[in-house]
Amino acid sequence: FPWPSWAALVSLAVVTLGTFPQTMGTIVLALEAILAVAAGLYLNRRPIRLGGIALFLFSIGKVFLYDLSELDTLSRIFSFIVLGLLLIGASWAYTRYREQLQKYL
């Protein structure tokens with residue numbers, strides 16, 4: 001049943017965002033999301049994979065809507081470049097390994 005997996009991910013996200021400072025919390029949250037996707041792939045558990053993807057999308061949204069408003073111009077530019085490279089890398093990996101990923105998602 002997928003609810004315990006999702007509840008664990010949400011609880012971990014709440015604790016992370018409450019414990020770490022603003023930007024560091026987002027970075028740790030993104031790392032937790034990547035680890036959740038990796039664990040879901042390793043354990044062959046679809047709810048954990050989808051929860052990790054949802055958590056990663058939440059962390060990207062948090063960067064755009066909240067974190068970037070607190071940064072100066074140079075840091076904001078660097079953040080957009082890094083985020084753009086990560087999204088391009090994810091898109092490349094998906095198109096290259098589409099058939100293999102379809103059986104996991």
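How much space lies in the largest pocket? In this predicted model, the largest pocket holds about 600 Å³ of space, and the second largest pocket holds about 430 Å³.

**The largest pocket**
- The largest pocket is lined by 18 residues, and those closest to its centre are Val37, Ile53, Phe56, Ala90 and Tyr94.
- Two or more residues of this lining come from each of helix 2 (22-43), helix 3 and helix 4.
- Sorted by class, the lining of the largest pocket consists of 15 nonpolar, two polar and one charged residues.

**The second largest pocket**
- Among the 18 residues that line the second largest pocket, Thr26, Ile27, Val63, Val82 and Leu86 lie nearest its centre.
- Helix 2, helix 3 and helix 4 are the elements that give two or more residues to the lining of the second largest pocket, and the largest share, six residues, comes from helix 2.
- By class, the lining of the second largest pocket has 13 nonpolar, four polar and one charged residues.

**The aromatic pair**
- The count of aromatic pairs comes to one, and the rings of this pair, Phe64 and Phe80, have their centres 5.5 Å apart and their planes at 40°, so the pair is tilted.
- Because Phe64 lies in helix 3 (residues 46-65) and Phe80 lies in helix 4 (residues 73-96), the pair ties together parts that are 16 residues apart in sequence.
- Phe64 is partly exposed, with a relative accessible area of 40%, and Phe80 is likewise partly exposed, with a relative accessible area of 40%.

Key:
Residues numbered from 1 in each chain as written. Predicted model: local features only at pLDDT ≥ 70, side-chain atom pairs only at ≥ 80, totals over all residues. Heavy atoms only, no water. Phe/Tyr/Trp six-rings, centres within 6.5 Å; stacked < 30°, edge-to-face > 60°. Helix = DSSP H or I, 4+ residues; strand = E, 2+ residues; numbered from the N terminus. Buried < 20%, exposed > 50% of the residue type's maximum accessible area, 1.4 Å probe, protein only. 1 Å grid on protein atoms, 1.4 Å probe; cavity = no way out; pocket = protein on both sides within 12 Å on 5 of 7 lines; lining within 4 Å. Points joined across faces, edges and corners; volume = space filled by probe spheres on them. Nonpolar A, V, L, I, M, F, W, Y, C, P; charged D, E, K, R; others polar.
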